Amino acid sequence: MTEILDMDALRARFGKASGGDVFDPEFAQVARLVFGEGDSRQAPYCGLPSLLRAPYRPDLAPSFEGLDVALLGVPMDLGVTNRPGARFGPRAVRNVERVGPYEHVLRAVPTAHVRVADVGDVPFRSRFDLAASHEDIEHFIGSIVAAGVVPLSVGGDHSMGLPILRAIGRDRPVGMIHIDAHCDTGGSFEGCKFHHGGPFRQAVLDGVLDPRRTIQIGIRGNSEYLWEFSYASGMTVIHAEEVDEMGLKAVIAKAREIAGDGPTYVSFDVDSLDPAFAPGTGTPEVGGLTSAQALGILRGLKGLDIVGGDVVEIAPQYDPSTNTAQVAAQVLFELLCLTAEAFTIRKVPGRNA
């Protein structure tokens with residue numbers, strides 16, 4: 001039976017209320033973070049853009065004191081096989097202003113539970129040297145990890161995954177949930193093994209990535225013949241068409257089973273999405289995930305031991321709509337929510353996920 005609408009009660013409660021007056025206790029906590037006292041907030045088009053509008057604190061390097069999570073840009077695309085432009089990804093994501101602070105599905109307000117800052121971009125010694133750039137990434141991420149801070153990176157091409165995993169998996173190999181159109185486990189081409197099509201083969205061979213705890217979701221396209229290392233090493237591969245066949249709940253259950261309770265890295269390539277949702281990328285593949293499917297998979301990872309993550313291959317010049325950057329920013333926010341949840345679990349031993 002539908003309740004009778006009490007207009008008098010609604011008018012009494014909301015008639016003279018401002019936009020900053022929020023009465024639901026849960027929503028009111030979020031509103032206080034946004035508005036403080038009153039109903040004004042900074043215009044989204046004003047001020048210095050930063051990742052997820054977090055405080056911009058490049059001065060915190062190299063100690064990163066007072067942080068739990070470091071958001072950072074990796075503006076480097078020297079490892080691409082065809083279309084360049086992912087070096088502009090971090091700037092494009094910083095220009096996205098309407099993400100957070102509340103995640104309505106997870107009912108999460110990550111900035112209320114962890115200390116977060118945009119620590120700027122990896123300082124590269126040379127814009128021309130891929131090997132040196134990888135060394136710079138590994139050194140910068142390594143200093144973040146050494147400080148006990150979780151890195152969440154925005155790229156940049158996917159070759160950056162190798163130096164990041166070398167830094168995060170230095171003391172023990174980590175598992176990985178990898179959402180992508182491509183497995184990125186190819187070998188050396190033209191004398192180089194550090195391109196964006198092979199970071200995870202090398203990460204396994206370096207002993208920093210555990211293939212048995214690695215799942216790759218959304219795989220498709222004409223490069224399947226290059227990914228035999230994924231199968232030979234024991235990685236789990238779920239193709240894009242299998243996501244529909246299995247259903248999201250089964251995909252999430254499989255990802256959680258593979259990752260287990262150990263430290264897990266999440267790597268998200270925007271080309272995992274169909275180009276209808278994210279055309280701004282270097283190697284688009286038709287027949288991909290929808291943005292809703294991708295966000296559903298990420299949200300299903302709540303409670304895992306997330307020790308780092310990235311969103312990569314954002315090449316904004318191929319997308320005048322800015323949709324790709326919008327999706328990338330939302331993915332980054334989902335990763336922040338998962339990381340904040342992992343922090344909470346670590347602080348409360350025995351808490352159920």
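This is a predicted model: local features need pLDDT of at least 70, side-chain atom pairs count only at pLDDT 80 or more; totals for chains, interfaces and linings use all residues.

Trainee: Then what makes F64 buried or exposed?

Mentor: F64 has a relative accessible area of 1%, and the cut-off for buried is under 20%. So F64 counts as buried.

Trainee: And how do you know which class F140 falls in?

Mentor: Run it again: F140 comes out at 7% relative accessibility, so F140 is buried too.

Trainee: Why are F64 and F140 called an aromatic pair, and what makes the pair edge-to-face?

Mentor: Ring centres have to lie within 6.5 Å, and planes over 60 degrees apart count as edge-to-face. For F64 and F140 the centres are 5.8 Å apart and the planes make 85 degrees, so both tests are passed. F64 lies in the loop between α2 (25–35) and β1 (69–74), while F140 belongs to helix α4 (residues 130–146), so the pair ties together parts that are 76 residues apart in sequence.

Trainee: How many aromatic pairs does the structure hold?

Mentor: It holds 3 aromatic pairs. One of them is F14 with F23, edge-to-face at 5.3 Å centre to centre and 80 degrees between the planes.

Trainee: Why are F14 and F23 put in the class they're in?

Mentor: F14 has 42% relative accessibility and F23 has 36%.

Trainee: What makes you say the charged end of R83 sits over the ring of Y318?

Mentor: The distance limit is 6 Å from the ring centre, along with an angle limit of 35 degrees from the ring normal. The charged end of R83 is 3.9 Å from the centre of the Y318 ring, and the pair is listed as sitting over the ring.

Trainee: On to α2. How do you know that its buried residues line one face?

Mentor: The buried residues in α2 are A28, V30, A31 and F35. Looking down the helix axis, they fall within an arc of 160 degrees, so they line one face of the helix. On the other side of α2, P25, Q29 and R32 are exposed.

Trainee: What makes D24 a cap for α2?

Mentor: A side-chain oxygen of D24 lies 3.0 Å from the backbone nitrogen of E26, at the N-terminal end of α2. The limit for a polar contact is 3.5 Å, so that distance qualifies. After α2 comes G36, with a positive phi near 65 degrees.

Trainee: Why is β4 called mostly covered?

Mentor: Strand β4 (residues 174–179) has 6 of its 6 residues buried. V174, M176 and H178 point one way, G175, I177 and I179 the other way, and all are buried.

Trainee: How do you know which strands pair with β4?

Mentor: Pairing needs at least two bridges. There are 5 bridges from β4 to strand β5 (residues 209–219) and 5 to strand β7 (residues 264–269), so both count as pairs. β4 runs parallel to β5, and likewise parallel to β7. For landmarks, M176 stands opposite T214 in β5, and T264 in β7 is the bridge partner of G175.

Trainee: Where does R107 lie, and what is its phi?

Mentor: R107 lies in the loop between α3 and β2, with a positive phi near 55 degrees. At 52% relative accessibility R107 counts as exposed, because the cut-off is over 50%.

Methods. Residues are numbered from 1 along each chain as its sequence is written. Side-chain values use heavy atoms; hydrogens and water are left out. Rings of Phe, Tyr and Trp (its six-membered ring) pair if their centres lie within 6.5 Å; planes under 30 degrees apart count as stacked, over 60 as edge-to-face and the rest as tilted. Buried means under 20% relative accessible area, exposed over 50%, partly exposed in between (1.4 Å probe, protein chains only). Helices (H or I, at least four residues) and strands (E, at least two) are DSSP runs, numbered from the N terminus. The arc is that of the directions from the helix axis to the C-beta atoms. A polar contact is a pair of N or O atoms within 3.5 Å; within protein, one must be able to donate a hydrogen and the other to accept it, and residues adjacent in sequence count only if both atoms are side-chain atoms.
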